[in-house]
Amino acid sequence: MSEEKKQPKVVVSSTPSCPWCSRVKSYLRQRGVRFKEIDVSRDRAAARDMVRRSGQMGVPVLLIGSRPIVGFNKSLIDRLLGLK
Amino acid sequence: MNYDIIIIGGGPAGLTAGIYASRARLKTLLLEKNITGGLAATTDKLENYPGFPDGISGMDLLERMRKQAERFGTEIKEFEEVRDVKPLNKRIEITTVQGKYSALSVIIASGSEPKKLNVPGEEKFRGRGVSYCATCDGPLFGEKDVAVVGCGNSGLQEGEFLLKFVKSVTFVEFLPRMTAEKILQERFQNRKNTRFLLNHKLIRINGGETVSSIVVRDREKGKEEELPVSGVFVYVGFKPNSDFLKDVVKLDTSGFVVTNGKTETSIPGIFAAGDIRSKDVRQVSTAVGEGTLAAIAAEKYIQGG
């Protein structure tokens with residue numbers, strides 16, 4: 001991340017028991033990406049919203065800007081966030 | 001880059017091999033196509049792995065194994081998928097999507113992934129009600145009726161996890177009996193909100209946007225029944241991650257790597273450990289044992305027998 005202000009808004013929808021979710025979050029932290037975290041196991045409304053936006057009943061789902069990414073798709077995440 | 005040992009796969013077998021190889025002061029690289037942890041990391045709670053009387057989450061245990069391998073010097077590269085393995089003049093060349101490596105010995109620990117059902121609706125509704133990871137997606141099915149297909153250890157364990165969230169679980173098992181450990185079966189005796197359909201075959205998964213029902217057939221009576229469910233969790237066994245090994249080492253008819261008791265494959269210097277081996281029992285504890293065997297065998301091989 002060269003310029004902090006350039007980073008699009010990142011939201012991670014996850015569940016506490018999901019191994020992929022914790023790895024995607026630690027990856028983002030490691031790369032210095034700021035993100036908002038939603039625990040969809042606790043927040044039913046957010047879970048419904050995630051399913052509606054991504055068409056997916058599976059986690060993790062990342063929202064980079066308005067673009068939903070299902071699963072830990074590292075190359076796509078890197079590309080959308082301009083990470084090298 | 002040249003190494004003494006290259007390990008392919010970062011599950012329990014690969015990480016254990018890494019621990020032993022590094023402690024033998026061999027220059028060790030572990031290549032993982034995804035993130036380390038493997039299938040075992042998706043298990044909610046491992047209760048049969050010795051040393052943890054109260055159980056341990058798969059994620060925790062595998063994270064510890066990774067740290068342990070790294071502590072002794074195993075170099076781990078994640079998101080490096082191996083494309084080709086080629087024995088070449090006493091060395092073995094490995095090609096990944098990103099580059100080329102070479103080693104004196106290779107340990108294959110690429111593991112397995114959940115088998116699909118191959119029924120109509122499965123692909124269409126994948127991520128829309130069909131899941132292979134209850135620990136990931138289970139919490140999204142709060143107060144819903146779901147089905148678990150397969151009554152082996154994984155099916156019953158994950159079904160038990162799902163019951164924390166869902167309204168009911170219907171278990172569908174192709175065989176006339178459950179294959180899970182008895183202790184797991186006992187937990188479902190007199191348990192509310194569960195139903196067991198043994199000797200039943202799942203025929204079809206129906207729905208609109210997401211799953212709304214499944215159709216099962218009684219294999220004895222031939223009768224079909226439609227059950228309204230919002231989720232289908234599939235635990236019907238494993239298939240090997242061995243596409244990159246065709247024409248490299250001998251595979252069995254299902255694609256698992258054939259080895260002898262010393263984890264040697266058909267090619268000298270290439271060993272295999274864990275779920276990828278052709279064998280009967282696939283447990284974290286056996287993977288760990290085989291990772292140990294393979295690393296020690298590889299060390300001996302490098303030293304010239």
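Guide: In this predicted model, helix H2 (44-54) of chain A has A:Ala45, A:Arg48 and A:Arg52 exposed on one side. The buried residues of H2(A) are A:Ala47, A:Met50 and A:Val51. Seen down the axis of H2(A), these buried residues fall within an arc of 95 degrees, so they line one face of the helix. The exposed residues named above are on the other side of H2(A). The buried residues of H2(A) pack against strand S1 (10-14) and S3 of chain A.

The backbone that comes after this helix has two features to note. H2(A) is followed by A:Gly55, whose phi is positive, near 70 degrees. A cis peptide bond joins A:Val59 and A:Pro60, with omega at about 0 degrees. A:Pro60 belongs to the loop that runs between helix H2 (44-54) and strand S3 (61-64) of chain A. Strand S3 of chain A is also among the elements against which the buried residues of H2(A) pack.

Helix H2 of chain B can be read in the same manner. H2(B) spans residues 58-71, 14 residues in total, and reaches 20 Å from its first C-alpha to its last, close to the 20 Å expected at 1.5 Å a residue. Its buried residues include B:Gly58, B:Met59, B:Leu61, B:Leu62, B:Met65, B:Arg66 and B:Ala69. These residues cover an arc of only 165 degrees around the axis, which puts them on the same side of H2(B). On the other side of H2(B), B:Arg64, B:Lys67 and B:Arg71 are exposed.

The cover over the buried residues of H2(B) draws on both chains. From chain A it includes helix H1 (19-30). From chain B it includes helix H1 (12-23), strand S2 (28-31) and strand S3 (75-77). Just after H2(B), B:Gly73 takes a positive phi of about 115 degrees.

B:Arg64 lies in helix H2 of chain B and counts as exposed because it has 12 C-beta neighbours inside 10 Å, where the cut-off for an exposed residue is 12 or fewer. The C-alpha atom of B:Arg64 is separated by 9.8 Å from that of B:Gly37, and the two residues are 27 apart along the chain.

In chain B, 18 residues are in contact with 19 residues of chain A. Helix H3 (residues 134-137) of chain B gives the most to the side of chain B that touches chain A, with 3 residues. By class, the residues on that side of chain B divide into 7 nonpolar, 8 polar and 3 charged.

Chain B as a whole has 6 helices and 17 strands. Chain B is divided into domain 1 (2-113 + 238-302) and domain 2 (130-234). Taken over C-alpha atoms, the centres of these domains are separated by 32 Å. With 305 residues, a compact globule would have a radius of gyration near 19 Å, and the 21 Å of chain B agrees with this. Along the principal axes, the C-alpha atoms of chain B fill a box of roughly 60 × 40 × 35 Å. Buried residues make up 49% of the 305 residues in chain B. Among its contacts between residues at least 6 apart in sequence, 62% join residues at least 24 apart.

Two loops of chain B hold a residue that has a positive phi although it is not a glycine. B:Lys90 has a positive phi of about 70 degrees and is placed in the loop between strand S4 (82-88) and strand S5 (91-96). B:Lys90 counts as exposed because it has 8 C-beta neighbours inside 10 Å. B:Asn199 has a positive phi of about 60 degrees and is found in the loop between strand S11 (194-197) and strand S12 (200-207). With 15 C-beta neighbours inside 10 Å, B:Asn199 counts as partly exposed.

To return to the part examined at the outset, H2(A) has its buried residues along one face, with A:Ala45, A:Arg48 and A:Arg52 exposed on the other side.

Key
Residues numbered from 1 in each chain as written. Chains lettered and ligands numbered in written order. Predicted model: local features only at pLDDT ≥ 70, side-chain atom pairs only at ≥ 80, totals over all residues. Helix = DSSP H or I, 4+ residues; strand = E, 2+ residues; numbered from the N terminus. Expected span 1.5 Å × (residues − 1). Buried ≥ 20, exposed ≤ 12 C-beta atoms within 10 Å, placed from the backbone. Arc of directions from axis to C-beta. Contact = placed C-beta atoms within 7 Å. Domains from an automatic or database assignment. Nonpolar A, V, L, I, M, F, W, Y, C, P; charged D, E, K, R; others polar. Rg over C-alpha atoms; globule rule 2.2 N^0.38 Å.
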